[in-house]
Amino acid sequence: MTSKAMKTHQAATAIPQFTSKDYSSFFLAGALCCTITHGAMTPVDVVKTRIQIDPAYKKLNMLTGTRYVIATEGPRALLTGFGPTAVGYLIQGGAKFAGYEYWKKKAVESVGGPEAAVKYRTAIYLGSASIAEFFADILLTPLEATRIRLVSDRTYATGLVTGFTRIAREGGMRELYAGFLPILCKQIPYAIGQFTVNELCHEIVFRSISEETRRTLSSTSKFTIQLGSGIIAGFAAAILSQPADTLLSQINKGHGPKGSMPHRLAALAREAGFRGLFAGLGPRMIMTAGLVSGQFLLYGAIKEALGAPAGVEIHKETSAVV
């Protein structure tokens with residue numbers, strides 16, 4: 001190997017040393033991409049929650065439910081819970097994306113670098129996504145509890161601050177974190193599908209083209225790869241998290257026996273059966289594909305605008321930093 005080739009190889013296999021400013025950029029990019037996409041879906045969440053909880057909406061679908069909300073409460077009702085949604089996913093998104101970058105880098109370092117990490121890449125994706133989501137959900141759960149309470153009971157509070165403080169005052173930390181386990185059961189499989197499948201889709205594409213072609217990809221081609229990978233990752237995230245999403249809806253409606261949360265979840269799962277757990281998967285796959293692909297596109301664009309470095313790539317065809 002020539003001196004020039006050796007230097008190129010060493011640069012390609014080096015682990016980037018991210019600074020606190022870099023992680024701040026990762027956090028901001030993740031925060032903005034998640035709050036924008038989830039905030040935009042607030043009207044959908046309002047109608048979906050009403051259908052799950054309010055008997056008056058039981059026989060309505062998304063379209064007729066939206067019309068009913070507007071007719072009975074006015075257009076502004078579609079933005080009920082926007083505050084907790086925007087703030088919750090601002091914090092959760094930042095922690096999730098920055099956390100994924102952090103834990104993936106730590107995992108690569110622990111196995112000896114990008115070249116050695118290729119062998120363990122799937123486990124690294126799964127572990128990094130799970131750990132990042134766990135800590136992100138600690139931040140999300142109280143705000144998600146507030147959102148659900150505001151949407152399900154229109155008279156409970158006037159907004160985020162009053163709703164959050166009332167729950168904290170009346171129920172304390174126990175009430176704020178009552179839904180922590182169901183949220184973990186939903187969000188960790190979601191994050192696994194989102195990040196792991198997105199990484200694997202990029203790997204499949206990059207293995208099908210030459211290194212020279214990859215370096216000269218046009219902006220349109222890069223956008224197409226990101227969009228396609230994000231859509232497939234969104235489908236995977238929806239499928240993996242659908243059972244827990246169904247159970248969480250049942251818990252929010254007060255269904256299930258008394259007892260501990262694991263006992264209630266197990267009883268509801270047995271009652272629903274396999275088909276019941278995956279009811280409504282089709283529409284949710286479409287919604288989640290839009291969310292996930294939108295998040296990855298925005299995350300990349302915001303990182304680029306901030307001048308943030310790229311993460312460590314450990315795809316099989318190469319171990320370069322992108």
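Predicted model: local features only at pLDDT ≥ 70, side-chain atom pairs only at ≥ 80, totals over all residues.
Local features are reported only at pLDDT of at least 70 and side-chain atom pairs only at pLDDT 80 or more, while totals for chains, interfaces and linings use all residues. Residues are numbered from 1 along each chain as its sequence is written, and side-chain values use heavy atoms, with hydrogens and water left out.

View 1. Helices are DSSP runs of H or I with at least four residues, numbered from the N terminus. Thr37 counts as buried because its relative accessibility is 9%, the cut-off being under 20% relative accessible area with a 1.4 Å probe and protein chains only. Leaving aside residues up to four places away in sequence, Thr37 touches Leu291, Gly294, Gln295 and Leu298, where contact means heavy atoms within 4.5 Å. The side chains of Thr37 and Gln295 are also joined by a polar contact of 3.2 Å (a pair of N or O atoms within 3.5 Å, one able to donate a hydrogen and the other to accept it; residues adjacent in sequence count only if both atoms are side-chain atoms).

**View 2. Helix H5 (residues 82-110) beside helix H7 (residues 121-152).** Their axes, lines fitted to C-alpha atoms over the stretch in contact, come within 7 Å and cross at roughly 170°, with angles running from 0 to 180 degrees between N-to-C directions. H5 and H7 are therefore roughly antiparallel to each other, a term for angles over 145 degrees.

**View 3. Val118 in the loop between helix H6 (114-117) and H7.** Val118 counts as buried, at 15% relative accessibility. Arg166 lies 48 residues from Val118 along the chain, and the C-alpha atoms of the two are separated by 49 Å.

How values were computed. Buried < 20%, exposed > 50% of the residue type's maximum accessible area, 1.4 Å probe, protein only. Helix = DSSP H or I, 4+ residues; strand = E, 2+ residues; numbered from the N terminus. Parallel < 35°, antiparallel > 145°, perpendicular 65-115°, else oblique.
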